[in-house]
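This briefing covers the interface between two chains, the make-up of one chain and several local sites in the other. Please consult the sequence and structure shown below alongside the text.

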Amino acid sequence: MSASSAFSDDKAGSASEPEYGHDPASGGIFSSDYKRHDDLKEMLDSNKDSLKLEAMKRIVAMIARGKNTSDLFPAVVKNVACKNIEDPNQLIRASALRVLSSIRVTIIVPIMMLAIKEAASDMSPYVRKTAAHAIPKLHSLDPEQKDQLIEVIEKLLADKTTLVAGSVVMAFEEVCPDRIDLIHKNYRKLCNLLIDVEEWGQVVIINMLTRYARTQFLNPNINESLLEDSSEKAFYASDDEEDEDKKAEAAALVKRKPYVMDPDHRLLLRNTKPLLQSRNAAVVMAVAQLYFHLAPKAEVGIIAKALVRLMRSHSEVQYVVLQNVATMTIKRRGMFEPYLKSFYIRSTDPTQIKILKLEVLTNLANETNISTILREFQTYIKSMDKDFVAASIQAIGRCATNIGEVRDTCLNGLVQLLSNRDELVVAESVVVIKKLLQMQPEQHSDIIKHMAKLIDNIQVPMARASILWLIGEYCEHVPKIAPDVLRKMAKTFTNEEDIVKLQIINLAAKLYLTNSKQTKLLTQYVLNLAKYDQNYDIRDRARFIRQLIVPTDKSGALSKYAKKLFLALKPAPVLESPFKDRDHFQLGSLSHLLNAKAGGYQELPEWPESAPDPSVRNVEIPDWSKCTSRKDRKEKKLDKPFYSDSEGDSGPTESADSESDSGSGSESASASDESGSGSESEESGEETESEKEEEDEEKEKKRKKRLDKTKAKKPAEESAERCTIAPSGSIKMYELLHRITGEGLAVEYCFSRQPFSPDPNMVAVQIQFTNNTNSETKNLHIEEPRLQSGMRIREFAEIEVLAAGESVTVVMGIDFCDSTQAANFQLCTHTRKFFVSIQPPVGELMTPVFLTENDFKKEQGKLMGMNEISEKLTLGEKCVNEHVIVERVTATANLSRVPCGSDKECRFAGKTVSSGCLVLVTVTTKEGGRAQLTVNCEKMVIGTMLVKDIMQALSQ
Amino acid sequence: MIHSLFLINASGDIFLEKHWKSVVSRSVCDYFFEALERATEPENVPPVIPTPHHFLINVLRHRIYFVAVIQSEVPPLFVIEFLHRVVDTFQDYFGVCTEAAIKDNVVVVYELLEEMLDNGFPLATESNILKELIKPPTILRTVVNTITGSTNVGEQLPTGQLSVVPWRRTGVKYTNNEAYFDVVEEIDAIIDKSGSTITAEIQGVVDACVKLTGMPDLTLSFMNPRLLDDVSFHPCVRFKRWEAERILSFIPPDGNFRLLSYHVSSQNLVAIPVYVKHNISFREGSSQGRFELTLGPKQTMGKAVESVLVSSQLPRGVLNANLNPSQGTYTFDPVTKLLSWDVGKINPQKLPSLKGSMSLQTGASKPDENPTINIQFKIQQLAISGLKVNRLDMYGEKYKPFKGIKYMTKAGKFQVRT
C-alpha cells in the first residue's frame with residue numbers, strides 16, 4: 001500500500017495521474033485481472049499514452065482490491081514524476097525531483113539515482129540545488145549508494161553558484177564529511193562565495209571550513225604556545241641537563257621558521273568576518289567559533305562584540321551563546337573583559353540564564369575587577385530566586401579561591417550569610433566556607449566554632465555533613481566543642497540522612513584517634529548503631545573503621561597507621577569552572593553544549609605539525625576573468641551576487657559567480673543566464689533554450705571525456721589543459737578559420753585573459769577546434785609562424801586525433817611585443833594547411849594591476865604630459881551608472897578597477913603584458929551624460945588606441 | 001537536521017506535529033514534559049534536552065513550546081534560530097501566533113512547514129518567497145476556498161527562489177509608493193539603590209515598511225553613523241558600502257522587515273529619561289511594611305514620557321498591599337506577589353507617586369530580599385542615542401515615493417534595584 005500513499009503524495013502528478021473518481025467496476029477492469037504484472041509493466045513502458053493510462057487504471061483497481069502492486073512502483077513513478085523531471089521549466093523539474101526524492105521506498109533507488117545524476121548537470125542552478133538536497137535523502141534510504149553519491153557531490157562542489165554551495169556542503173557533511181580532499185579545489189571558491197550564500201548554507205559551510213582549516217594550516221599561535229612551553233620548563237628546571245634541554249629548545253625556536261599565515265587561511269578569516277554582522281544568530285556563532293578555533297590570538301577579540309549583541313536576543317539564543325562564552329572566557333578572558341557589565345544579571349532573567357551569566361562573571365574576575373564583581377554578587381545574594389542565590393554563593397567561593405587578595409573578604413561575607421533566614425542560603429554558604437577553610441584552617445578556628453553551633457539549626461544534609469567533616473578534620477582547633485557535637489549527633493544518628501551518617505562515623509573515628517579518653521564510648525555507640533543501619537554503605541564503613549581504629553589482637557598492621565590515614569594533610573579542593581576544557585569540542589556545536597559527543601559529531605582535528613602542501617588548493621582559473629563575465633551579465637538582469645556589486649575593488653579575491661557550471665561557451669552561458677533569471681513571461685522561450693542547453697551539455701560531456709583522455713596521456717600538460725575547461729562565458733570569440741574554408745574544421749579563438757603560465761610575457765590565446773566532418777582529423781599543429789621582429793609564439797602541443805563531431809580547446813601563448821600587429825602562422829592538419837592570423841585588440845595586450853587610490857594618483861603623477869591622453873565624450877544611453885561604465889571599460893580592456901572615494905570617477909589600472917608598462921584609465925562623469933576619459937601610459941600608441949576603443953565602448 | 005516538530009501548549013497538550021523524515025513517536029515528548037515539570041518557571045526549561053536516541057531543542061514563544069526533534073549533531077543555534085523564524089512567519093501570516101490561530105489555519109501551517117524545510121534542511125525561509133508559494137489567508141480567500149475547494153497554494157511559479165535577491169518578490173506594483181522607517185530604541189539599564197547607573201545600553205532597530213513598485217534601490221544615510229557601536233543587517237544591506245561609507249544601501253524586501261539592529265554601548269554616556277525615588281522597608285517584629293515610590297522625568301530632551309508601567313515582584317512574605325496612587329491604577333496579585341502600577345503619562349509638574357503599606361504574615365520575620373522595580377515607558381519622536389536619519393534616496397525607479405521616518409524610545413530591560 002505504500003505505493004498508493006506515494007501516489008497521493010505526488011503533487012507533481014500531471015495528466016498521467018490515475019483518476020480516483022473512476023468507478024473500477026464499470027470499466028470492466030475486473031475482467032482483466034488474469035493479466036500478469038509483466039503486461040502492465042510493458043504497457044507502462046510503452047510509448048503510447050493510451051496504453052499507459054489503461055495500465056494505470058488497472059493498477060488503481062488492483063490497489064482498490066488490496067492487491068500488492070509494489071513491484072510495479074518504479075514503472076509508475078517513472079511515468080508520474082519522471083515526466084516532469086524533463087519539463088522545460090526549471091521550477092517544475094526541481095519540484096518533480098523533490099517529490100521523487102521524498103518517496104522513501106527502496107525500490108525506486110535506481111530511478112532516484114538517475115534523476116539526481118541528471119539534475120546535478122542541469123543547467124538551472126535551482127535544479128542543481130534540489131539535486132544536492134536529494135543526496136542525503138537517497139543516502140539515508142540506501143547507504144550503499146555512497147560511492148556514486150560522492151561522485152555527484154564532487155561534481156556539485158565544483159559548482160560556482162551561491163544557490164548550490166550551501167546545499168551541496170550540507171550533503172557533503174551528511175554523506176562523506178571525512179573526504180576533506182574533495183574540498184581542496186573548491187576551498188577558495190567557497191570562501192569567496194560565502195557572503196552571498198543564504199544564511200543556513202553559510203552556517204554549514206563555515207563549520208565545515210573550520211574543520212578543513214584545522215587540517216590544512218598551521219596553528220597561528222604556534223610560536224606563542226612554544227614560548228609558553230619553554231618558559232614553563234625553565235621555571236621548573238633545576239639542573240644543567242634540563243638547562244641544556246632548554247637551550248636546545250630555544251635553538252629550535254630560533255631555527256623554526258617565523259610563522260607566516262597561509263594566504264588561504266587569511267582568506268577564510270577575512271571573508272567570514274563581515275558575517276559577524278548577520279542578523280542570524282547561528283551565522284554569528286559560526287563565525288565566532290571559527291575565529292576562536294582558527295584566528296591568531298590578537299584577532300579573536302573582534303567576535304566578542306557580536307556575541308554580546310546576541311545576548312539581547314531570545315532567551316534560548318542567550319542560553320546557547322552564554323554557554324559558549326563561558327567556555328571562551330576560560331581561555332581568552334581578556335576579550336570579554338570590556339563587556340563585563342553586559343553580563344550583569346537582572347531579576348527578570350530566567351534562572352538558567354542567571355546561572356550562566358554568573359559563570360561568565362566568575363570566569364572574568366581578576367584582581368582589578370574583583371571588587372566591582374563582588375559588589376554585584378552582594379546584590380545577587382538578596383535575590384528572591386534561591387537557586388540563583390546558591391549559585392552566587394558558589395561563585396563567591398570560586399572567586400575567593402582564585403584570587404588570594406579577596407579570600408578573607410569573601411570568607412567574612414559568607415560567614416555573615418550563616419545567619420541568613422533562608423536555610424538554603426546558609427547551607428550553601430557552609431559548603432563553600434568548608435572548601436575555603438581547607439586552604440588555611442589555622443587562622444579560622446573561630447569560624448569553625450561558629451559553624452559547630454549551627455549544627456543545631458541547619459537541616460540541609462549536605463551542610464550538616466560539611467560541618468561535621470570540618471569539625472572532624474580540624475578537631476584539634478576546637479578540642480572542647482568537637483566531642484560535644486559528637487554526643488549530639490550520636491543522639492540523632494538514626495534520623496539522619498546517609499551522607500550525614502557517614503560523616504558522623506568519620507567524625508567519631510577522628511575523635512577516637514585524637515581524644516580517645518573522652519570519646520571512646522561515644523564512638524563505639526555510633527559504630528554499633530551503624531552496624532545495624534539499613535544502608536549497606538554505612539554498615540561497610542562502620543565495619544571498616546572499627547577494624548582500623550580499635551586495636552584488637554586480630555587487627556593487622558594497618559591500625560598502627562590509622563592516625564596517618566585519617567588525619568593526613570589533605571590538599572585543598574580546586575574550585576574549577578565546569579566549562580574548563582570544553583573547548584576540545586567545536587564551539588557552537590550540540591556536543592559542546594551537552595559536553596558529550598552527539599551522534600554524527602565530527603572531531604575538530606588538532607593543528608598539523610607541518611603544513612600540508614598548499615598547492616592542492618590551486619585552481620588555474622584566476623577569478624577575475626569570471627568577474628568580468630559576471631559584470632557582462634549584470635547588464636541584462638539583476639542577477640549578480642548581491643553584496644559584491646558595490647565594491648570598489650573587483651579584485652581577484654572577490655566573489656565570483658557564474659550561473660552555470662557547464663558554461664562551455666558563450667552560447668550556453670547566455671542560455672543559462674536567461675532562464676536562470678527566470679522571469680515569468682519568458683516561459684515560451686525557455687523551451688528552445690533548454691533544447692539548446694541539452695545540445696550544449698552533450699557537447700560539453702564529450703569534450704570533457706576527451707579532455708580526460710588527453711589528461712591521462714600527457715600529465716605534463718595537465719595544467720594547460722585544465723585551464724581551458726572553464727572559459728568565461730562572456731569573452732568574445734573571434735573566428736580563426738571558418739567551417740567552410742576549413743573544410744569542416746572550424747577554429748575559433750578568444751583572449752581568455754588568464755596569465756599564460758609558461759611565459760608571463762605572453763598573451764594567452766585560447767583556441768577551440770571543432771571537427772564538423774564525418775571523419776577524424778589528425779595531427780593538428782602550427783607551422784611556419786611569420787612574425788614581426790621581437791614577436792614570439794608558443795605553440796600548443798600537437799593534437800593527435802580530433803574525432804568526428806568533437807571539439808577541443810587548447811591554449812597558446814603569443815608575445816605581441818605590445819603592438820597590435822597580427823601574428824601569422826599556418827594551421828596544419830594531417831591533410832591540409834591553412835594560413836591564419838591572430839590580431840589582438842589593444843585592450844587584450846594588458847593585464848590587471850591592483851593599485852590603491854593613493855598608488856594610482858602617485859603613478860598618474862609620473863605619467864603626465866605626453867603620456868597623458870584626454871578626450872571628452874558623451875556617454876551612450878545605456879551608460880546610466882557606474883556599473884555599466886565599469887562593465888564596458890573592463891570588457892574593452894583587461895584592466896582592474898581601482899577603489900575610489902568619489903562616485904563621479906571610475907579608475908582602472910593595468911600593465912602591458914610584454915613590457916609591463918602601466919596603463920591607467922580614468923573616466924570622470926559629468927552632468928548630462930558627458931564624461932571625460934583620460935589614459936596615462938608610457939606607450940603612446942597603446943594609449944591612443946585604447947582611448948579610441950574605450951570611447952567607442954562608452955558612447956554606444 | 002530537523003527531524004520532527006511538535007507544538008505544545010501551556011497545558012502540556014501536543015496540538016500539532018510535523019515530520020520531515022520518518023515519523024517519530026509522540027512519546028519522545030515525555031522527556032520534554034519531565035524537564036517542564038522540573039523547571040520552576042516555564043522559561044526555565046533547558047533549550048536543549050538530550051534523550052537516549054534524540055535531542056529535543058525547544059523555544060517558547062507566545063506560551064507555545066516549539067519542540068524540534070534532532071537525531072545527530074547540529075549547531076543548536078541553527079535550530080533555535082530556525083524555530084524562531086517559523087514563529088515569525090506564522091505571525092506574519094496570521095497576525096498572531098496563538099494556538100487558536102494555528103489550529104484555524106492548520107492547512108496553511110502544514111504547507112508552510114513543508115516549504116520551509118526539505119528533508120530537515122531549511123529551504124525557503126524568506127517571507128517574500130513563501131508568500132509567492134503560499135498566499136496568506138484572508139477572509140475572502142477562506143470563503144472562496146471553502147466553496148470552490150481550492151487551496152492557498154500559489155498558482156504562479158515561485159520565481160523568487162531563483163533570484164539573487166531572494167528577499168524581494170518580482171513584479172511588485174503599488175499605486176501609492178511609500179517607504180516608512182521606524183527608528184526604535186530601547187534602553188536597557190540597571191540603576192542601583194542610590195540612583196546611580198550601574199549599566200546602561202541602547203539597543204536600536206530600524207524597522208521598515210516599504211511598498212514600492214518594481215526594483216527600487218534605496219540608500220539611507222545617518223547624520224551621525226559613528227554612534228552605532230555594533231550593527232547587524234538584513235541580508236539585503238550591502239555590507240561593503242556600509243564599511244566604506246557608512247551608508248545603508250539596499251534593495252528592500254517587499255513589505256515589513258527589520259533593516260538594521262544596532263547597539264550603542266555603555267562606553268557612550270546613555271541618557272536615562274526617568275528617575276525613581278523609592279522607600280520600601282520592613283521593620284523587624286512589625287507585620288507592616290512601608291512602600292513609597294515616586295517617578296520623575298530626567299533627561300527626556302523635552303519630550304513627554306508616556307505609557308509608563310511599573311512592576312515589581314514583592315517578597316513572598318507580603319500578604320497584601322494597601323497603596324494609594326496619585327494617578328493611574330495599581331494591582332497586586334497576592335498569589336504571584338506581583339505588583340503593577342499603570343501610571344500613564346508623567347506630568348513634570350505633578351509627579352506620580354504610589355504610597356501606602358504592605359501587610360506581612362504575622363509572626364513572620366522580615367524578608368531578606370529587596371524587590372527590584374521594572375519600569376516600562378515610551379517617548380515618542382525621540383531616539384535617545386541622538387541618532388538621526390539624514391536622507392533617503394531611491395535609484396532604479398522613476399516615480400517619486402512618499403517617505404516617512406518615525407522615532408521612538410522605549411524602556412527595554414529597565415530595572416531599579418532597591
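How many salt bridges are there between chain B and chain A? The count is ten, where a salt bridge is a side-chain nitrogen of Lys or Arg within 4 Å of a carboxyl oxygen of Asp or Glu. This is a predicted model, in which local features need pLDDT of at least 70 and side-chain atom pairs count only at pLDDT 80 or more, while totals for chains, interfaces and linings use all residues. Residues are numbered from 1 along each chain as its sequence is written, chains are lettered from A and ligands numbered from 1 in the order in which they are written, and side-chain values use heavy atoms, with hydrogens and water left out.

**Interface of chain B and chain A**

- One salt bridge joins Asp118(B) to Lys137(A), with 2.9 Å between the closest N and O atoms.
- Helix 2 (residues 76-94) of chain B gives the most to the side of chain B that touches chain A, with eight residues; helices (H or I, at least four residues) and strands (E, at least two) are DSSP runs, numbered from the N terminus.
- In chain B, 89 residues are in contact with 83 residues of chain A, contact meaning heavy atoms within 4.5 Å.
- The size of an interface is often given as the accessible area lost when the parts come together.
- Here the buried area is about 7800 Å², and carbon and sulfur atoms give 57% of it; this is the accessible area (1.4 Å probe) that the two parts lose on being put together, summed over both.

**Chain B as a whole**

- Chain B contains seven helices and 23 strands.
- Of its 418 residues, 55% count as buried; buried means under 20% relative accessible area, exposed over 50%, and partly exposed in between (1.4 Å probe, protein chains only).
- Among contacts in chain B with a separation of 6 or more, 68% are between residues 24 or more positions apart.

**Helix 17 of chain A**

- Helix 17 (residues 302-310) is largely enclosed by the rest of the structure, because seven of its nine residues are buried.
- The buried residues are Ile303(A), Ala304(A), Ala306(A), Leu307(A), Val308(A), Arg309(A) and Leu310(A).
- Their cover includes helix 15 (281-294), helix 16 (297-300) and helix 18 (315-331) of chain A, together with strand 11 (230-233) of chain B.

**Leu209(A)**

- Leu209(A) lies in helix 11 (residues 199-216) of chain A and is buried, with a relative accessible area of 0%.
- Apart from neighbours within four places in sequence, Leu209(A) is in contact with Ile183(A), Tyr187(A), Cys191(A) and Leu268(A).
- Between the C-alpha atoms of Leu209(A) and Leu290(A), which are 81 residues apart along the chain, the separation is 8.4 Å.

**Asn369(A)**

- Asn369(A) sits in the loop between helix 19 (351-364) and helix 20 (370-381) of chain A, and is buried at a relative accessible area of 10%.
- A polar atom of the Asn369(A) side chain lies 2.7 Å from the backbone nitrogen of Asn366(A).
- Beyond neighbours within four places in sequence, Asn369(A) is in contact with Glu337(A), Leu340(A) and Leu364(A).

**Leu565(A)**

- Leu565(A) belongs to helix 30 (residues 562-566) of chain A and is partly exposed, with a relative accessible area of 47%.

Methods:
A polar contact is a pair of N or O atoms within 3.5 Å; within protein, one must be able to donate a hydrogen and the other to accept it, and residues adjacent in sequence count only if both atoms are side-chain atoms.
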